[in-house]
Number of protein chains: 2
Amino acid sequence: MNILIIGGGGVVGQKLAQTLAKSGTLNGKAISKITLADINNPPSIEAPFDIECQVCDIADPASVQKTIHKDTDVIYLLAAIVSAHAEEDFELGMNINLFGTYNVLERCRALRTKPVVVFSSSIAIYGGEIPDPLGDHTYPNPQTSYGGQKAMGEILINDYSRKGFIDGRAFRLPTISVRPGKPNRAASSFMSSILREPLNGQEAICPVDPDFLHYYLSPRKCVENLIKGAELTAESLGMNRVMQMPGRTWSIGQMIDAMTTVAGSEPAKLIKWDSQPEIKRIVLGWKFDIHAERATSLGLSADASFEDNIRYYIEDDQPTSV
Amino acid sequence: MNILIIGGGGVVGQKLAQTLAKSGTLNGKAISKITLADINNPPSIEAPFDIECQVCDIADPASVQKTIHKDTDVIYLLAAIVSAHAEEDFELGMNINLFGTYNVLERCRALRTKPVVVFSSSIAIYGGEIPDPLGDHTYPNPQTSYGGQKAMGEILINDYSRKGFIDGRAFRLPTISVRPGKPNRAASSFMSSILREPLNGQEAICPVDPDFLHYYLSPRKCVENLIKGAELTAESLGMNRVMQMPGRTWSIGQMIDAMTTVAGSEPAKLIKWDSQPEIKRIVLGWKFDIHAERATSLGLSADASFEDNIRYYIEDDQPTSV
């Protein structure tokens with residue numbers, strides 16, 4: 001099993017590779033190699049098999065050609081320009097999120113090897129005046145360019161699969177929390193940093209009110225679902241390769257309470273409340289009454305409680321110096 | 001009012017230009033010029049204002065640049081590689097239907113003039129295992145590449161409008177019947193030819209059974225709706241510029257009966273019934289329980305009866321030599 005992770009330098013890509021390295025198998029077959037590809041050379045990981053790290057710019061077909069080969073069995077396409085960044089830089093968002101996806105799929109079509117392609121879509125495809133609840137068969141009416149580009153990516157995954165060019169599957173990722181590392185340019189960045197920074201003894205700013213509701217998944221569960229997602233049979237997917245990945249809806253207040261339950265009362269005191277209109281304008285347009293019926297019926301799952309999300313961060317990611 | 005019709009050599013494009021030439025106005029403003037652009041030099045039309053005919057390949061950004069100018073007020077984007085053709089030639093379908101649309105929108109973005117863009121989408125965006133009834137807010141699960149490319153076009157129209165690059169509106173056209181002229185490469189071509197050819201005294205082949213149901217609109221009503229569609233205010237469209245254009249669902253048997261009612265019993269005798277599996281495979285995947293609530297509430301409309309569709313063909317299109 002030769003696996004390529006595009007976006008392999010990102011949080012989810014690195015964790016996915018580490019988890020696959022631990023298990024050594026995907027879909028019951030031994031993994032022979034993982035290639036981590038990203039726009040900047042991604043960090044390598046420890047593994048009992050070959051790990052290759054590559055620079056790949058998916059906006060450039062020649063670069064994609066050098067990264068996807070005849071013997072690539074499974075491709076995780078996780079690379080993206082995130083929401084606020086794609087909103088600021090429309091061209092870059094189109095080039096990576098739409099044309100980058102197209103370039104990867106075109107390379108697969110040219111190779112005629114029909115690899116499994118696991119595409120990370122997003123709950124940002126929901127929006128507009130579409131009534132709740134939302135899920136697998138909701139009309140996509142995104143209100144960000146990122147959401148639009150992901151919605152188009154879903155259609156490409158479906159059509160390339162229908163034509164037999166790939167064996168695709170696309171999952172709309174919930175917002176990942178607690179995301180380790182540094183804040184990124186996603187408008188949702190604060191949804192991790194208000195927990196991560198206080199757990200690490202640092203101050204953080206919360207730009208929305210405690211009753212702000214959103215749909216979350218831990219990185220650990222996300223990786224587990226991405227692995228199960230690659231293992232689903234084509235037959236089980238039917239005429240639509242796209243589905244919502246399970247998550248749960250929590251308020252900011254509930255998330256902070258969970259942190260207090262797990263880590264005591266000190267971290268919450270480090271949160272500064274500072275309303276930020278530009279962040280609010282984006283995130284209040286996002287939907288949260290989301291249900292993942294198909295994925296749940298296919299064996300994917302969400303965190304049991306937000307206490308779990310906090311515990312997973314502490315176990316998997318908290319810097320040991322804290 | 002300077003109007004550009006891309007796909008201006010096609011049946012709908014020509015009729016749209018002729019209708020605009022007769023009225024002389026769009027949205028209450030005098031028309032100063034219509035440009036007809038198409039992949040082959042389109043036929044000119046009679047008009048009391050300037051008519052320009054141009055070759056334009058929307059797959060080529062340089063060609064698009066020569067066709068869309070600072071003073072272009074309204075763009076009708078009707079050019080497409082139709083269903084069976086896009087299914088046979090995947091690359092051509094992508095290049096015209098997806099990248100052609102993108103090139104037109106990118107030219108508008110570069111000009112910063114925010115023209116009205118009226119995009120012809122299609123009921124081919126519906127499909128898969130999505131439950132009936134279908135309409136404005138149905139999840140698009142197309143089962144042809146043409147349908148997928150149109151679904152992506154809808155998302156682009158919405159996002160370029162949201163960003164303020166265009167003032168877009170997209171309408172999912174029903175199947176046009178009775179379509180004049182020669183059969184084309186759409187899998188739906190027979191849905192006109194089984195009426196048109198017999199009305200013209202010629203034999204025609206019907207590849208499906210009389211109880212085959214589908215969703216139709218006459219060319220005359222389609223043009224009327226495309227004109228109303230350009231005249232809708234941006235405010236009336238809200239957060240979603242995409243809607244189903246009104247049509248009506250008829251069986252092949254009802255359509256033939258309507259022909260007999262209007263034109264006597266001779267034409268129906270010219271229909272040869274010859275089941276064609278490849279056509280059936282495509283068209284039986286199409287949906288027909290379709291409703292156009294938004295467009296109807298905004299003043300667009302369908303034919304009152306299929307007898308009207310037959311009469312419009314005889315009045316507008318039947319060769320006088322018959």
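1. A word on terms before the details: helices (H or I, at least four residues) and strands (E, at least two) are DSSP runs, and their numbers start from the N terminus. Please also keep in mind that this is a predicted model.

2. Let me begin with the cis peptide bonds in chain B. One of them joins Asp132(B) and Pro133(B), with omega about -5°. Where does Pro133(B) sit? Pro133(B) belongs to the loop that runs between strand S7 (116-122) and helix H5 (145-162) of chain B.

3. Another cis peptide bond leads from Ser177(B) to Val178(B), and here omega is near 5°. Val178(B) is again a loop residue, placed between strand S9 (175-176) and helix H6 (190-199) of chain B.

4. Lys114(A) lies in the loop between helix H4 (90-111) and strand S7 (116-122) of chain A.

5. Lys114(B) has a positive phi of about 50° and is not a glycine either. It is found in the loop between helix H4 (90-111) and S7 of chain B. Lys114(B) counts as partly exposed, since it has 17 C-beta neighbours inside 10 Å.

6. Now to the sheet of chain B. Seven strands form an open sheet with parallel pairing, in the order S5-S4-S1-S6-S7-S8-S12. At its edges are strand S5 (50-55) and strand S12 (242-244) of chain B, each of which pairs on one side only. On average, neighbouring strands of this sheet are turned by 15° against each other, direction ignored.

7. Within that sheet, strand S1 (residues 2-6) and strand S6 (residues 74-77) of chain B run parallel and are joined by four bridges. Which residue of S6(B) is the bridge partner of Ile3(B)? That partner is Val74(B).

8. For a look at S6 in chain A, take Leu77(A), which is part of strand S6 (residues 74-77) of that chain. Leu77(A) counts as buried because it has 22 C-beta neighbours inside 10 Å. Leaving aside neighbours within four places in sequence, its contacts include Ile6(A), Thr101(A), Val104(A) and Phe119(A). Asn225(A) is 148 residues away from Leu77(A) in sequence, and their C-alpha atoms are 14 Å apart in space.

9. How are the two chains arranged? A rotation of 180° with 0.0 Å of shift along its axis superposes chain A on chain B, with an RMSD of 0.0 Å. The two copies are therefore related as by a two-fold rotation axis. The residue of chain A that comes closest to the rotation axis is Tyr139(A), at 2.1 Å (C-alpha). Both copies use the same surface: 100% of the contact residues of chain A recur in chain B.

10. Finally, the interface. Here 21 residues of chain A are in contact with 21 residues of chain B. Helix H5 (residues 145-162) of chain A gives the largest share of the chain A side, eight residues. By type, that side divides into seven nonpolar, 10 polar and four charged residues.

Definitions and conventions: Residues are numbered from 1 along each chain as its sequence is written. Chains are lettered from A and ligands numbered from 1 in the order in which they are written. This is a predicted model: local features need pLDDT of at least 70, side-chain atom pairs count only at pLDDT 80 or more; totals for chains, interfaces and linings use all residues. A residue is buried if 20 or more other C-beta atoms lie within 10 Å of its own, exposed if 12 or fewer, and partly exposed in between; C-beta atoms are placed from the backbone. Two residues are in contact if their C-beta atoms, placed from the backbone, lie within 7 Å. Copies are superposed by least squares on the C-alpha atoms of residues with pLDDT of at least 70 in both. Two strands pair if DSSP finds at least two bridges between them. Axes are lines fitted to C-alpha atoms, for helices over the stretch in contact, and angles run from 0 to 180 degrees between N-to-C directions. Ala, Val, Leu, Ile, Met, Phe, Trp, Tyr, Cys and Pro count as nonpolar, Asp, Glu, Lys and Arg as charged, and the others, Gly among them, as polar.
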